[in-house]
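Welcome! Please take a moment to look over the model below, and then let us walk through it together.

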Amino acid sequence: MDMKQPFENVVAQHGATVLRVCRAVLGPNEADDAWSEAFLAAMKAYPDLPETANVEAWLVTIAHRKAIDVVRAAKRNPLPVDEVPEVPARLGEPETEDADLWIAVRRLPTKQRHAVAYRYVAGLPYADIAQIVGGSVDAARRAAADGIRTLRRTYSGAIVEGES
């Protein structure tokens, strides 16, 4: 019966290949971190790897996934700029469009406020809202309807027609 080789031997045998894959996908700066992450993940999973598995292909697959993780993480990181704008951007602040409306929304009970925001601002279906806030689909629908009804009664501006 063949036994798997010790993990240290796997690293010695395939480490350079995995590093080349990481460098090819990411470039030299991020490759080392991806290589390390790939071998940490591989070390944890190695005991369960079948003896007949293609170890090199398995390692390259792990390295590929770790490289994708690095690329995704880089997209979420802030980009450096030469100058920081003097005035903060107001993008994403609903209060800038109609402050009175958002004050009225903030006064709604929590579940109604969340249901109204998730339904009419984010456009989520009631099933998703129910999962987020807890409760049934009917309860989410009722909370949104009650919230809109309250806004129609308490807010002096025009409320956009929607489902209620």
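The expected span of a helix is 1.5 Å times one less than its number of residues. Helices themselves (H or I, at least four residues) and strands (E, at least two) are DSSP runs, numbered from the N terminus. Keep in mind that this is a predicted model, in which local features need pLDDT of at least 70 and side-chain atom pairs count only at pLDDT 80 or more, while totals for chains, interfaces and linings use all residues. Residues are numbered from 1 along each chain as its sequence is written, and side-chain values use heavy atoms, with hydrogens and water left out.

Let us begin with the overall picture. The protein chain has seven helices and zero strands, so that, in terms of DSSP runs, its elements read α-α-α-α-α-α-α from the N terminus on. Of the 164 residues in the chain, 27% are buried. Here, buried means under 20% relative accessible area, exposed means over 50%, and partly exposed lies in between (1.4 Å probe, protein chains only). The accessible surface of the chain comes to about 11,500 Å², and carbon and sulfur atoms hold 55% of that surface. Such areas come from the Shrake-Rupley method with a 1.4 Å probe; for residues, only the protein chains shown count as cover. Now consider contacts, meaning heavy atoms within 4.5 Å. Among the contacts with a separation of 6 or more, 54% are between residues 24 or more positions apart.

Next, find helix H2, which spans residues 28–45. From its first C-alpha to its last, H2 reaches 26 Å with its 18 residues, close to the 26 Å expected at 1.5 Å a residue. Which residues of H2 are buried? They are Ala31, Ala34, Ala38, Phe39 and Ala42. These residues lie on the same side of H2, because they cover an arc of only 135° around the axis. The arc is that of the directions from the helix axis to the C-beta atoms. On the face turned away from this buried side, H2 carries the exposed residues Asn29, Asp33 and Lys44. The cover over the buried residues of H2 includes helix H1 (7–26) and helix H3 (55–76).

With 22 residues, H3 reaches 32 Å from its first C-alpha to its last, close to the 32 Å expected at 1.5 Å a residue. Its buried residues are Val55, Trp58, Leu59, Ile62, Ala63 and Ala67, and what covers them includes H1 and H2.

From here we can turn to the nonpolar cores. A nonpolar core is a set of buried Ala, Val, Leu, Ile, Met, Phe, Trp, Tyr and Cys residues joined through side-chain atoms within 4.5 Å. The largest one has 19 residues, and Trp58 and Leu59 touch the most other members. H1, H2 and H3 each supply at least two residues of this core. Leaving aside residues up to four places away in sequence, Trp58 touches Ala42, Ala45, Tyr46 and Leu49. Apart from this core lies another, of nine residues, including Leu101, Leu108, Val116 and Leu151.

The C-alpha atoms of Ile148 and Val116 are separated by 7.0 Å, although the two are 32 residues apart along the chain. Is Ile148 buried or exposed? At 6% relative accessibility, Ile148 counts as buried.

Side chains of opposite charge can pair when their charged atoms come close. A salt bridge is a side-chain nitrogen of Lys or Arg within 4 Å of a carboxyl oxygen of Asp or Glu, and the structure holds three of them. One joins Arg141 and Asp138 (3.3 Å, N to O), which both lie in H7 (residues 137–154), three residues apart, about one turn of the helix. Arg141 is partly exposed, at 35% relative accessible area, whereas Asp138 is exposed, at 55%.

Asp146 takes part in a salt bridge with Arg142 (3.0 Å, N to O) and in another with Arg149 (2.8 Å, N to O). Arg142 is about one helical turn from Asp146, because the two are four residues apart in H7. Arg149 and Asp146, three residues apart, are likewise separated by about one helical turn. Together, Arg142, Asp146 and Arg149 are linked in a network of salt bridges. Arg142 is partly exposed, with a relative accessible area of 43%, and Arg149 counts as partly exposed at 44%.
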